[in-house]
Amino acid sequence: MKSHSSSDWGLLAPHGTGVDFREVCESTNLLANAAGTNGLVRPTWFVAAEQKAGRGRRGRNWSSPVGNLYCSYIFRPLVKISELAKLPFLVSLAVRDTFVGLGCSPNNVLCKWPNDVLISEKKASGILIESNATPGLAADYVVVGIGLNLAHFPSDSLFPATSVALETGDTPKATSAFKILSHAIDNRIQSWIAKGSVDTINEWRVNAWGMGMRRLIRTNDESFHATLIGLHEDGGLSLRLDNGIEKQLYAGDVFSLTTSS
Ligand code: BTN
């Protein structure tokens, strides 16, 4: 199915969910944030075949040629900020569901803190979550931006990258990936609302990359080595520093030791 309109894409998403498809845009996160500011209430996906100014985490850009999936989901979560901190893990698991649904071997698809999903230890997706939350209060809306490397991957990324095409030998259609992803997100959000985030945290732990291993950690201020111990229930990454002290990391990136610091 070659889909060129929002109504075609709308048939792929869960019932009750809006879809706004563009052949090209600057950034689907930008579109979703603008819709949130303008009062959009219906949970809606913004999807693009191509982005001209794709946004990544920590101010990086996200290369967005035709052939991959670029989408952002906006919804109004009725949960506290402390619960929202678990959303990256829920979304990572939904991306993992998608890669497995597209033919990747489950053992090979792992979640890297905070919200990367790796295939064969290489980055195959990006997740950028933005909200207009007021500290201590519930967020008015949340935008979950997701890029899946279906056909292409950047050769110059900070962390080695790959695509579903390279890993499986088949290039999935963006429509197929979107159908699996949008339903996985919907199912996982329903269960989060009904049961809380304990199951999400536990499932992420089972599928985590690098636990028990010494890794390079980079924050805005410093780079250091530490052993990854696990995921704290509040979403922090538990680390053991080389001097034996344990701490939680709440912002930063994890790399293999071979990465140049
Ligand atoms: C990362 O740096 O790993 C996060 C990348 C997030 C990219 C996606 S693509 C769809 C959505 N629109 C954007 O501009 N960014 C996100």
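1. Ligand shell. At least two residues of the shell around the ligand come from each of α2 (28-37), β3 (69-75), β7 (125-131) and β8 (142-148). Helices (H or I, at least four residues) and strands (E, at least two) are DSSP runs, numbered from the N terminus. The ligand is surrounded by 19 residues, counted when the C-beta atom, placed from the backbone, lies within 6 Å of it. The closest are Ser27, Gly56, Gly126, Gly145 and Gly147.

2. Basis. This is a predicted model: local features need pLDDT of at least 70, side-chain atom pairs count only at pLDDT 80 or more, and totals for chains, interfaces and linings use all residues. Residue numbers start from 1 along each chain as its sequence is written.

3. Helix pair. Helix α4 (residues 87-101) packs with helix α6 (residues 174-195) at an angle of about 140°, and their axes are 9 Å apart. Axes are lines fitted to C-alpha atoms, for helices over the stretch in contact; angles run from 0 to 180 degrees between N-to-C directions. α4 and α6 are therefore oblique to each other. Angles under 35 degrees count as roughly parallel, over 145 as roughly antiparallel, 65 to 115 as roughly perpendicular and the rest as oblique.

4. Sheet. Five strands form an open sheet in the order β12-β11-β10-β9-β13, with antiparallel pairing. Two strands pair if DSSP finds at least two bridges between them. The edge strands, β12 (246-249) and β13 (253-255), each pair on one side only.

5. Strand β11 (residues 237-241) is joined to β12 by 4 bridges, and the two run antiparallel. Leu239 has Lys247 of β12 as its bridge partner.
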